[in-house]
Amino acid sequence: MKQQLICIVCPKGCHLTAEQTAEGWQITGFGCPRGQQYGIAEMTNPTRVVTSTVRITGGVHPRLPVKTDGPLPRSLVREAVRMLDAVEISSPVCCGDVILPDIGGTGVNFVASRDM
């Protein structure tokens, strides 16, 4: 079975076709080796960097933007965002401060995306 992907490694946005063979995943349509690596990774172990917000008291705004400091397995994204619902922090916060550590035992943290 063939699957269509759009590579997000660079601005070109190559249209990739992924097909599983006896040797593994066959990726076609890439314009550079990074596109082939992206296609294989997306078919075998898809990951995402997650951005969201958390409640903050004493800040200029009521919500603080946060993001993961590395890619999470796609299967954990919904759970990770739900975990943020219970988080409320107090100002001051510096960009890069860990807001929620070790999401799902992956070693990936949610960190502040700005000072507040």
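D102 is partly exposed, because its relative accessibility is 39%, between the 20% and 50% cut-offs. The model is predicted. D102 sits in the loop between β9 and β10, the latter spanning 110–112. Its backbone stands out: D102 is not a glycine, yet its phi is positive, at about 45°. Most residues other than glycine have a negative phi, and most peptide bonds are trans.

The peptide bond between S91 and P92 is cis. Omega there is about 10°. P92 belongs to the loop that links β8 (88–90) with β9 (98–100).

Strand β1 covers residues 2–6 and strand β2 covers residues 15–21. The two run antiparallel, joined by five bridges. Within this pairing, Q3 is opposite A18 in β2. Strand β2 also pairs with β3, residues 24–28. This pairing is antiparallel too, again with five bridges. Here T21 faces G24 of β3. Two residues separate β2 from β3, and the two strands form a hairpin. In a regular strand, side chains alternate between the two faces of the sheet.

One more loop position deserves a look. Is S75 buried or exposed? S75 counts as exposed because its relative accessibility is 67%, and the cut-off for exposed is over 50%. S75 and I27 are 48 residues apart along the chain. Their C-alpha atoms are separated by 23 Å.

Notes:
Residues are numbered from 1 along each chain as its sequence is written. This is a predicted model: local features need pLDDT of at least 70, side-chain atom pairs count only at pLDDT 80 or more; totals for chains, interfaces and linings use all residues. Side-chain values use heavy atoms; hydrogens and water are left out. Buried means under 20% relative accessible area, exposed over 50%, partly exposed in between (1.4 Å probe, protein chains only). Two strands pair if DSSP finds at least two bridges between them. Helices (H or I, at least four residues) and strands (E, at least two) are DSSP runs, numbered from the N terminus.
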